[in-house]
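Subject: Handover of a structure

Dear colleague,

Please find the structure below, together with its sequence. I would be grateful if you read the notes that follow with the structure open beside them.

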Amino acid sequence: MAACGLFRSLSSNFFTVLPLLTRSATLSPLRLASQSYFGRTLATSCRLTAALKFTDKHEWIRVEDDGAVGTVGISKFAQEALGDVVYCGLPEVGTQLAQQDEFGALESVKAASELYSPLTGEVVEVNALLADNPGLVNKSCYEDGWLMKMTIGNPAELDALMDEAAYERYIRSIED
């Protein structure tokens, strides 16, 4: 994660650093990051996971900019535990879900796992790419491997979900 933060910091400050990189002396990224060339500090997480909220069953939801719709998927921890996903059973568009309702299942070469809704709402879209390529869940669980999009019927339910730091602590606690 630190490398992701370093890359994000370097890429977001590219034009500030560009004159330094064109000099004949070679500067390492760590040396650049330690200098005061950057106007912002290194973040410990990537932008992809920063806005995610997690459940204790390892689903995540990312609230879209309008605040009315959220994208749902499974965490990196869950997809690694499952192994190679070979089938995604997803709900129909229009399905009404309550928080913690089962909405589908993932099958892998190792096991099958039920999927649970992180919030109350209605399914407005499912990831059609997963029908032909369920391995996207493994390759890109926070981007291309999302499962469904749903309306957010009760925004207050978001408060009960874990942010990234709390989810990481939760993972460590169940691994011990």
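A residue is called buried under 20% relative accessible area, exposed over 50%, and partly exposed in between (1.4 Å probe, protein chains only). By this rule Val-86 counts as partly exposed, because its relative accessibility is 48%.

This is a predicted model, in which local features need pLDDT of at least 70 and side-chain atom pairs count only at pLDDT 80 or more, while totals for chains, interfaces and linings use all residues. Residues are numbered from 1 along each chain as its sequence is written, and side-chain values use heavy atoms, leaving out hydrogens and water.

Val-86 belongs to strand β4, residues 85-89; strands (E, at least two residues) are DSSP runs numbered from the N terminus. Together with Tyr-87 and Val-109, Val-86 makes a nonpolar surface patch of about 310 Å². Such a patch joins nonpolar side chains (Val, Leu, Ile, Met, Phe, Trp, Tyr) within 5 Å, from residues with over 30% relative accessible area and no salt bridge. A salt bridge is a side-chain nitrogen of Lys or Arg within 4 Å of a carboxyl oxygen of Asp or Glu. Accessible areas come from the Shrake-Rupley method with a 1.4 Å probe.

Ser-108

Ser-108, in strand β6 (residues 102-108), is buried because its relative accessible area is 11%. Leaving aside residues up to four places away in sequence, Ser-108 touches Leu-82, Gly-83, Asp-84, Val-85 and Val-86, where contact means heavy atoms within 4.5 Å. The side chain of Ser-108 also reaches the backbone oxygen of Leu-82, at 2.6 Å.

The sheet

An open sheet is formed by 6 strands, in the order β1-β2-β3-β9-β8-β5, with antiparallel pairing. The edges are β1 (52-54) and β5 (96-97); each has a single partner strand, so one side of each is left without a neighbour in the sheet. Two strands pair if DSSP finds at least two bridges between them. Strands β8 (residues 121-126) and β9 (residues 148-151) pair over 3 bridges, and Val-126 has Met-148 in β9 as its bridge partner.

Two positive phi values

His-58 has a phi near 80 degrees, a positive value in a residue other than glycine. His-58 lies in the loop between β1 and β2 and is buried, with a relative accessible area of 13%. Gln-100, in the loop between β5 and β6, has a positive phi near 75 degrees. Gln-100 is partly exposed, at 46% relative accessible area.

Yours sincerely

How values were computed
Patches are made of residues with over 30% relative accessible area and no salt bridge: like charges are joined within 9 Å, nonpolar side chains (Val, Leu, Ile, Met, Phe, Trp, Tyr) within 5 Å. Helices (H or I, at least four residues) and strands (E, at least two) are DSSP runs, numbered from the N terminus. A polar contact is a pair of N or O atoms within 3.5 Å; within protein, one must be able to donate a hydrogen and the other to accept it, and residues adjacent in sequence count only if both atoms are side-chain atoms.
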